[in-house]
Amino acid sequence: MRWIKAGALLIVILVGGTLAALALSQQTAFGPSVQSAVSSAFRSLTQRDAGGEAQVQSAVDGVLQAFDSYSVVAIGDEHGLQQLGDFYQALLRHPEFAKKVDALVVEYGNARYQDLVDRYVRGEDVDADDLQKVWSDAVGKIPGGTEVMYPQLFAAVRAVNQSLPDDQKLRILLGDPPIDWSQVQDRSDVEPFQAQRDAHFAQVVTDEVLDKGLKALVIIGGTHLDRSQPTNTLQAAGGDGSNQLQPLPGASGAAAPSGSPQMRQLPQSGANTGGPPAEQPEMRQLPQSGQPQSAGGKAQLMQQIVETEYPGRTFVILVHTGFADDQCNAQVEERMAAWQTPALALVKDSWLETLDCQKFPGTVLMRRPGGSNTGAAGGDATANQSPVAGEQPQMRAFPGQTDQPSPLGSADGYLYLGPRDSLTLSPLDPIIYLDQEFFAEQSRRRELMSGEPLSWEQVAASNVGRFVDKYRR
């Protein structure tokens, strides 16, 4: 009965993902002249006057073309955004994707289950309860429900792989540290894993993709992709200058048989010939701070760490979710009105590069009355919070420049999926409603991290329909 239920759930996920991808693909046709212009732009980003029109094309075509020049294309995931989930489906199912890309590196996956995911995406049978832990046990996830767009992505990779030969099958690499929640008794058991999230994810990208000459689609929250600090000033803490990881408590326990298959190699490196499983990379050592740091002592973000070892190898894409000030948002979206969705715009030397609006929902500095700067609370495991009641942030004029960097300053591309107020949330995986044991465990984790257990009201509030309403309450 378990396999019947698991099979039925996967069928529902696959059908939903396929329909979303087919619907999305009907909107991606741009004229050949625009495609030609953007293809040329990826080969050589021509210098133009700042504030010029952005070069725009079909987002699927644009991402695929970016892989011709870059080893990694990183998308700043806006967690739970349904239109983004639809885009992932369309991109994965495009016939050129598996020809250009070797792996996906995802934030919403506990690395403890890497072997299990390897077996699942290859088409082997895995237990449904074990598979669900891959995304629900990620240390960066706020305890509670999981948007169904993430299980759909795993199912889509499995489906795509069914039509590929063994040496071309895609792999999903899990970027979150390998925490064992059964060993977690209080918050101090979680903190070492949280402190290493950026460093661990960066190590997966460097060790499993760039060091091996492979190509990968990276999906991680946009905050982790900030590379505004110049590469030549980034300096890892530690005597040898390397980004290192320390052994973590509970990290050695495996949820599945040890060993994982070798990632397929690009043609010049030779293909996987079905030999013995490759050994898992040894965990590096971090200094006592638990995180690589810049010369100024500030912990580095994931992309800053990657840029230290492999500068200029990543094409970074941020996603349009609108801007906090309604007038500013209306002015920006008026310039995007002619863009067919989903569209990818190049940021460099366009008006996007000097955009001066507060991104919604942002985790960048907002200027308060009286001149003080206050950082908006954020992060993957911390709910984005609105400004303190009665303290409305002063939004800067559009499009004038100030001493603050553009919210898109670290991006190479800007992914447009529609106007801010049209964006919706992915529904939650039904397990949060159907499995009382699962709900109780999520509530335990919530209370451990925040001091309050999970309530049904919190579950409902996280699934409000419109993306903008998740943050405006």
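## Strand S5 and Gly221

Gly221 lies in strand S5, which spans residues 216-221. Helices (H or I, at least four residues) and strands (E, at least two) are DSSP runs numbered from the N terminus. This is a predicted model, in which local features need pLDDT of at least 70 and side-chain atom pairs count only at pLDDT 80 or more, whereas totals for chains, interfaces and linings use all residues. Residues are numbered from 1 along each chain as its sequence is written, and side-chain values use heavy atoms, with hydrogens and water left out.

With a relative accessibility of 4%, Gly221 counts as buried; the term means under 20% relative accessible area, with exposed over 50% and partly exposed in between (1.4 Å probe, protein chains only). The C-alpha atom of Gly221 is separated by 7.9 Å from that of Ile75, and the two residues are 146 residues apart along the chain.

## Nonpolar cores

A nonpolar core is a set of buried Ala, Val, Leu, Ile, Met, Phe, Trp, Tyr and Cys residues joined through side-chain atoms within 4.5 Å. The largest such core has 59 residues, and Phe87, Leu153 and Phe154 have the most contacts inside it. Helix H8 (residues 149-161) supplies the largest share of this core, eight residues. Apart from this core lies another of 22 residues, including Val209, Leu210, Leu214 and Val306. In soluble globular proteins, nonpolar side chains tend to be buried together.

When residues up to four places away in sequence are not counted, Phe154 touches Val106, Tyr108, Val117, Tyr120, Val121, Val134, Trp135, Ile172 and Leu174. Contact here means heavy atoms within 4.5 Å.

## Helix packing

The axes of helix H6 (residues 114-121) and helix H7 (residues 128-136) come within 10 Å and cross at roughly 120°. Axes are lines fitted to C-alpha atoms, for helices over the stretch in contact, and angles run from 0 to 180 degrees between N-to-C directions. The crossing of H6 and H7 is left-handed; a crossing has this hand if the near helix is turned anticlockwise from the far one by less than a right angle, and is right-handed if clockwise. Leu116, Val117 and Tyr120 in H6 meet Asp130, Leu131 and Val134 in H7.

Helix H3 (residues 59-66) is largely enclosed by the rest of the structure, because seven of its eight residues are buried. The buried residues of H3 are Ala59, Val60, Gly62, Val63, Leu64, Gln65 and Ala66.

## The disulfide

The structure holds one disulfide, the term being applied to a pair of cysteine sulfur atoms within 2.5 Å. Cys328 and Cys357 form this bond, with their sulfur atoms 1.7 Å apart. The torsion about their S-S bond is about 90°, and the disulfide is therefore right-handed.

The pair links distant parts of the chain, 29 residues apart: Cys328 is in helix H12 (residues 326-335), and Cys357 is in the loop between strand S7 (343-346) and strand S8 (365-367). Both Cys328 and Cys357 are buried.

## Backbone features of the loops

Thr341 and Pro342 are joined by a cis peptide bond with omega about -5°, and Pro342 is found in the loop between H12 and S7. A cis peptide bond also joins Phe360 and Pro361, with omega about -15°; Pro361 is in the loop between S7 and S8.

Asp349 is likewise found in the loop between S7 and S8. Its phi is near 60°, a positive value in a residue other than glycine. Asp349 is buried, with a relative accessible area of 8%.
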